[in-house]
2 protein chains.
Amino acid sequence: MTQASSAAPTRRARSGGGAARRAERTAVRIETARFIERNIPNFEVLNEEALQIIEHNAETVLEEIGVNFVENPAALAHWREAGADVQGERVRIPRGLARKLCATAPSQFTQVARNPSKSVEIGGRNLVLAPVYGPPFVRDAEGGRRYATMADFEKFVKLGYMSKWLHHSGGTVCEPTDIAVNKRHLDMLFAHMTLSDKPFMGSVTEPSRAQDSVDMCNILFGEQFVQDNTVLTSLININSPLTFDATMMGALEVYARNNQAAIISPFIVGGAMAPVTVAGTLTQVLAEVLAGVAYSQLVRQGAPVIFGAFVTSIDMNSGAPTFGTPEASHITYGAGQLARRLGLPYRSAGSFCGSKLPDAQAAYETANSLNMGLLSGVNFMLHACGWLEGGLVASFEKFVMDADQLGALHSFAKGVFMDDNGQAMDAIREVGPGGHYLGCAHTQANFKEAFWRSDLLDYKPYETWADQGSRDTQELAGARVKKLLGDYQQPQMDPAVREALLAFVEQKKHSMPDAFA
Amino acid sequence: MTQASSAAPTRRARSGGGAARRAERTAVRIETARFIERNIPNFEVLNEEALQIIEHNAETVLEEIGVNFVENPAALAHWREAGADVQGERVRIPRGLARKLCATAPSQFTQVARNPSKSVEIGGRNLVLAPVYGPPFVRDAEGGRRYATMADFEKFVKLGYMSKWLHHSGGTVCEPTDIAVNKRHLDMLFAHMTLSDKPFMGSVTEPSRAQDSVDMCNILFGEQFVQDNTVLTSLININSPLTFDATMMGALEVYARNNQAAIISPFIVGGAMAPVTVAGTLTQVLAEVLAGVAYSQLVRQGAPVIFGAFVTSIDMNSGAPTFGTPEASHITYGAGQLARRLGLPYRSAGSFCGSKLPDAQAAYETANSLNMGLLSGVNFMLHACGWLEGGLVASFEKFVMDADQLGALHSFAKGVFMDDNGQAMDAIREVGPGGHYLGCAHTQANFKEAFWRSDLLDYKPYETWADQGSRDTQELAGARVKKLLGDYQQPQMDPAVREALLAFVEQKKHSMPDAFA
């Protein structure tokens with residue numbers, strides 16, 4: 001029932017007969033599910049009165065306290081022209097102005113993939129899933145915890161390509177720390193463009209690197225196509241509280257000017273970058289997003305943007321950020337309501353956890369986050385798989401563990417089928433009191449699609465499981481990582497395009513010395 | 001902010017000064033949280049039309065197909081008298097009759113505990129949490145998987161007593177397989193009554209054992225008190241599809257006649273005991289509960305009952321039941337809506353998983369189930385901690401892991417505070433753009449209560465965690481099990497009552513030979 005765009009088996013047997021059928025059965029099927037289109041309601045934790053209070057307070061924050069646009073005279077000029085009160089770097093925005101400016105941002109947009117069957121619709125009732133972003137370390141059971149390299153990065157892109165329930169290749173799936181800081185974005189983009197055919201993200205660490213990202217897309221898609229279509233969704237973090245730094249804003253300006261999408265996202269560890277209360281944090285989040293999205297529209301009216309909210313709580317004993325907690329859930333649900341009232345696509349949640357290992361703690365915290373992400377109406381879920389240790393680590397095993405759970409979100413989002421087949425009255429009549437459904441016609445007709453089935457987890461009888469080595473989830477996941485990487489086949493690409501991309505990367509790399517900060 | 005009934009520290013130091021303060025700090029605090037009173041909405045997966053279709057179809061099932069009351073002539077007579085069409089053991093219930101009979105069941109009732117501060121309100125917006133029920137095996141890392149004994153049972157009762165977020169001591173927390181089948185209920189009840197002071201469940205494996213449960217409560221609470229108050233909530237499974245066996249109905253009759261509560265609960269592995277579709281399963285569940293609850297009211301009008309739904313999906317490859325799956329979630333959400341429309345308290349969900357180990361699979365599946373249990377409006381959650389391997393195993397480590405997660409449900413259920421302190425506008429004003437909240441007055445005033453904090457999970461910096469042995473969740477949980485059992489202190493009880501209970505158990509045990517089936 002999932003609408004899937006499936007690549008044809010690529011090792012198709014050349015001859016007919018039994019050998020061909022055996023080959024068919026063992027051929028690798030690389031499938032990507034269509035993004036989730038929810039047929040379920042959202043969970044709304046705030047009532048109308050609470051929403052109005054938060055919206056009122058956010059406008060008060062913008063009007064009375066204001067936000068700082070740092071080292072960015074052009075931004076200040078934009079704001080002054082729009083009617084804001086600008087004193088030094090402080091921008092105070094009259095009540096209602098930011099919301100009015102936000103109105104020109106689209107409520108939904110398409111991010112086009114180079115394989116058009118994998119393009120995604122961001123906004124509305126949809127949910128697009130993308131992998132973990134940003135960890136400087138990787139971990140697996142064999143190699144332990146170590147600094148991430150470009151080889152690790154490529155493995156994660158391949159795993160993402162092979163993961164059916166992942167719609168998006170992501171961005172910095174881990175930091176390739178063996179490549180110079182000022183050049184690694186080129187290698188990362190080249191990997192996403194050539195090792196996968198799913199949509200991906202651009203660089204935000206310097207405005208020039210954002211421009212490189214657009215330039216590489218010009219090669220991949222064609223210049224006019226990029227101007228007419230959104231082919232990048234990139235992550236612009238706000239320096240909470242209430243601060244917009246020049247680097248991130250510079251990257252945002254590049255993307256907005258080129259009609260490319262940006263997630264405008266407060267980055268909040270509760271109690272440190274925002275008040276310790278849920279309502280206070282939501283107020284600040286809304287104020288920050290209003291200011292950031294409004295600014296994107298000052299740069300280019302109609303530029304596609306996403307209401308972002310990255311929010312964790314904090315362990316007041318150790319100062320460590322904590323994940324999968326009830327307060328983070330409150331905020332995620334509440335921010336979803338605020339985003340919908342603004343008419344903007346919403347980014348939040350992910351496979352968040354604080355655990356050092358892909359163990360039970362990791363899974364409790366992750367499942368809490370994934371479930372709230374689905375029910376809170378998130379449209380773009382970054383970090384949907386692979387996140388470990390508060391985002392310091394990208395875990396190979398956890399990547400496939402989480403990616404498997406994402407399949408369950410797809411099934412849940414379908415809602416309940418109420419047609420005659422769903423009602424199953426004939427089955428109940430056929431079986432009757434004391435009977436058994438396994439053999440009945442309705443079960444036979446439906447059993448293949450009736451229940452979501454994990455591709456990873458253990459459903460074996462105890463004795464079989466024990467005979468096969470009593471493996472835990474991490475071990476099963478390690479085997480699956482090997483299997484997926486072994487089965488990986490690179491998606492086809494016009495060799496001339498690949499060559500042009502490579503030439504761009506080489507030329508850029510030779511144009512400047514390595515920098516490691 | 002949690003309303004907690006805390007037993008006074010029992011090792012209170014006798015002298016003042018520094019020694020007393022040190023003793024105070026190290027004294028064991030045994031706390032029990034008040035049952036959850038939700039201040040959040042329910043998640044409703046079915047729309048009005050779907051609900052009406054299911055309700056209509058359930059009446060059709062009762063009217064056309066009917067249910068079997070097996071080996072129970074008295075029940076058939078009750079039904080005939082009430083206006084049902086009885087042919088052999090088949091009872092066909094005219095449209096509307098069962099629902100009308102259900103109307104006399106209370107929508108909420110109090111289950112009184114022997115410590116009255118631990119009595120629970122079942123129904124309404126409340127959620128009462130009780131531990132796992134029924135596993136023949138136990139597991140811990142040290143001893144592996146083994147048949148459960150009475151010594152294990154007592155350990156679980158002690159852990160339940162020591163677990164702050166568990167409101168209820170449960171029933172058969174594991175099967176004490178070293179005690180004769182016809183006598184173990186006596187030892188189990190004695191353990192719940194003497195090792196804990198939380199509410200508990202009665203035996204249902206024979207009507208005579210249900211009577212023993214009531215008789216022991218007569219000793220503990222007084223005969224008249226038991227007639228006037230509900231002091232037992234017991235689990236009556238329906239033999240799905242559509243079959244009510246004499247043993248379970250016999251136990252139900254004992255409890256209903258004595259004003260004691262029963263969970264009337266279809267036990268369904270989807271695709272085996274009910275149709276493979278969600279709507280079909282909900283139809284059957286509703287028909288079964290309608291018939292079962294109606295029957296309870298024929299036995300005694302006003303008897304307290306709970307709308308139960310134990311539902312899993314099935315792995316069509318292995319035939320194994322599966323847990324934490326999206327289809328089970330659909331059913332749990334939908335059944336909650338049906339229960340509320342009937343005006344009955346609702347029992348479902350739990351710490352369900354299929355995993356053999358308390359690993360990531362166990363935690364993903366469990367978190368999926370616990371979250372849906374909270375949001376689906378469950379009023380009584382049996383199996384809320386300790387469930388492993390499809391319910392075959394009670395896990396010591398998972399008991400404390402799950403019990404810790406139940407704390408997060410309490411915090412989430414509080415909803416979002418919208419008072420001035422919650423809005424935190426003064427804090428946002430004080431800190432301003434680029435500031436830091438850790439030191440601000442609002443944070444200082446709120447940080448102790450602001451965020452839920454696990455008592456188990458690891459929040460340490462990586463290096464500290466590594467230095468301390470790189471322990472995973474199972475190891476942390478194993479240490480916590482030992483700590484809780486080491487800290488355990490038996491709640492006080494009138495020695496005469498204890499003696500009378502013991503005398504009853506001894507007398508009953510001597511009155512019959514051991515039976516092991």
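**Close-up views of the chain A and chain B pair**

**View 1. The surface shared by the two copies.** Of the interface residues of chain A, 99% are also interface residues in chain B, so the copies meet through the same surface, contact meaning heavy atoms within 4.5 Å. The model is predicted, and local features need pLDDT of at least 70, while side-chain atom pairs count only at pLDDT 80 or more and totals for chains, interfaces and linings use all residues. Residues are numbered from 1 along each chain as its sequence is written, and side-chain values use heavy atoms, with hydrogens and water left out. The contact draws 111 residues from chain A and 110 residues from chain B.

**View 2. Salt bridges across the interface.** Six salt bridges are found between chain A and chain B, each a side-chain nitrogen of Lys or Arg within 4 Å of a carboxyl oxygen of Asp or Glu. One of them joins R453(A) to D315(B), whose closest N and O atoms are 2.5 Å apart. Helix 12 of chain A (residues 360–375) gives the largest share of the side of chain A that touches chain B, namely ten residues, helices being DSSP runs of H or I with at least four residues, numbered from the N terminus.

Methods
Chains lettered and ligands numbered in written order. Helix = DSSP H or I, 4+ residues; strand = E, 2+ residues; numbered from the N terminus.
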